[in-house]
Amino acid sequence: MPDPVATAIVAEALALRASHAHAPALDVLDLVMRGRHEQLIDFDDDMVPPAPFALLVAEAMGDIMSAADWLAATGPKADPHLRATLQLQYALNVWPQFLMRYRLG
């Protein structure tokens, strides 16, 4: 069963990003995560590239790859070995930054 808190965060972040495309990704996440610190939240597949929320998080955390690069390298037409490698890199580099910033765990 999906985590309702994660589902709400993902929906709110993606809606805010769509309605305010000019806003920095970090500002979007900071706003959506307000009051949701220090919780256990299960984002499941939403935190695995090429999921749109995962790409937003990578951008917000200042990852060197752009969202377009992440999408191209992890999307359905990407090489499976490259996809797996980059998803592992995401889990090792981007995800911990997100957890630390919002004190999740």
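1. Helices here are DSSP runs of H or I with at least four residues, and strands are runs of E with at least two, numbered from the N terminus. The model is predicted; local features require pLDDT of at least 70 and side-chain atom pairs count only at pLDDT 80 or more, while totals for chains, interfaces and linings use all residues. Residues are numbered from 1 along each chain as its sequence is written, and side-chain values use heavy atoms, with hydrogens and water left out.

2. Just after α5, arginine 103 adopts a positive phi of about 50°.

3. Helix α5 comprises residues 80-101, 22 residues in total. From first to last C-alpha α5 reaches 30 Å, close to the 32 Å expected (1.5 Å times one less than the number of residues). A kink of about 35° is centred on alanine 91; the bend is the angle between axes fitted to the seven residues ending at a residue and the seven starting there.

4. Arg83, Leu86, Tyr90, Val94 and Phe98 are the buried residues of α5 (buried: under 20% relative accessible area; exposed: over 50%; partly exposed: in between; 1.4 Å probe, protein chains only). These residues pack against α2 (25-33), α3 (52-60) and α4 (67-74).

5. Arginine 36 lies in the loop between α2 and α3 and is buried, at 17% relative accessible area. Not counting residues up to four places away in sequence, arginine 36 touches Ala8, Ile9, Glu12, Ile41 and Leu104 (contact: heavy atoms within 4.5 Å).
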